[in-house]
Amino acid sequence: MERSFIMIKPDGVQRNLVGEIIRRFETKGFTLVGLKLMAVPRELAEKHYDVHKDRPFFSGLVEFITSSPVIAMVWEGEGVVTSARKIIGATNPLSAELGTIRGDYGVSVGRNLIHGSDAIETAQREIKLWFSEEELTSWEPSIKSWLYE
Ligand code: DAT
Ligand code: MG
């Protein structure tokens, strides 16, 4: 089953949006298979955002992600990678549609509340980077037959 790495960034935690954000993934029908609150080591933040290392916002981004705890999660379900990106909304919260997490709760690109993997291969890389095997739990939701044909 497809999985995505989802992280509530420091601003989402500080703004008490953890429950609200998790609710959106739960009620959509995705399954939580890993979750932890953690202070992010600088090296992990740098590896996670490696593709952006030459961008002008990189150092500010690493500062931000390491500034206060995050909630790291893995969600599972058919099409979860693309669907999670839709639930999250566009990178800049001012451009993000209302009804998305960033569209509903954010006003600036550097404080956009949440990360979601952008492709299946990226998700696999990010899940490996953030979680050990033992931290992930495969389980079958009892409502599965009410979610999938
Ligand atoms: P996304 O998080 O939607 O995948 P991204 O991968 O392009 O967006 O960028 C990663 C993060 O970097 C993004 O969530 C917020 C930050 N960021 C991107 N562009 C930025 C910019 N122009 N100024 C400040 N921060 C930026
Ligand atoms: Mg990205």
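First, the ground rules. This is a predicted model, where local features need pLDDT of at least 70, side-chain atom pairs count only at pLDDT 80 or more, and totals for chains, interfaces and linings use all residues. Residues are numbered from 1 along each chain as its sequence is written, chains are lettered from A and ligands numbered from 1 in the order in which they are written, and side-chain values use heavy atoms, with hydrogens and water left out.

Stop 1: Helices (H or I, at least four residues) and strands (E, at least two) are DSSP runs, numbered from the N terminus.

**Stop 2: helix H2.** Now pick residues 18-28, which are helix H2. Which residues of H2 are buried? They are Ile 21, Ile 22, Arg 24 and Phe 25, where buried means under 20% relative accessible area, exposed over 50% and partly exposed in between (1.4 Å probe, protein chains only). These residues sit on the same side of H2, because they cover an arc of only 150° around the axis; the arc is that of the directions from the helix axis to the C-beta atoms.

Stop 3: Zoom in on Arg 24, which is buried with a relative accessible area of 13%. Its side chain makes a polar contact of 3.2 Å with that of Tyr 105. (A polar contact is a pair of N or O atoms within 3.5 Å; within protein, one must be able to donate a hydrogen and the other to accept it, and residues adjacent in sequence count only if both atoms are side-chain atoms.) Beyond four places in sequence, Arg 24 touches residues including Ile 87, Asp 104 and Thr 100, contact meaning heavy atoms within 4.5 Å.

Hop to Thr 100, in the loop between helix H5 (80-88) and helix H6 (101-105). Thr 100 is buried too, at 9% relative accessible area, and its side chain reaches the backbone nitrogen of Gly 103 at 2.9 Å.

**Stop 4: helix H4.** Select residues 58-65; the buried ones are Phe 58, Leu 61, Val 62, Phe 64 and Ile 65. Their arc of only 160° around the axis puts them on the same side of H4. They pack against strand S1 (3-8), helix H1 (10-14), helix H3 (42-48) and strand S3 (70-76).

**Stop 5: the aromatic rings.** Last, show Phe 5, Trp 130 and Phe 131, which form one aromatic cluster. Rings of Phe, Tyr and Trp (its six-membered ring) pair if their centres lie within 6.5 Å; planes under 30 degrees apart count as stacked, over 60 as edge-to-face and the rest as tilted. The whole structure has three aromatic pairs. Phe 5 and Trp 130 are stacked, 5.0 Å centre to centre with 25° between the planes. Phe 5 lies in strand S1 and Trp 130 in helix H7 (residues 120-130), so this pair ties together parts 125 residues apart in sequence. Both Phe 5 and Trp 130 are buried.
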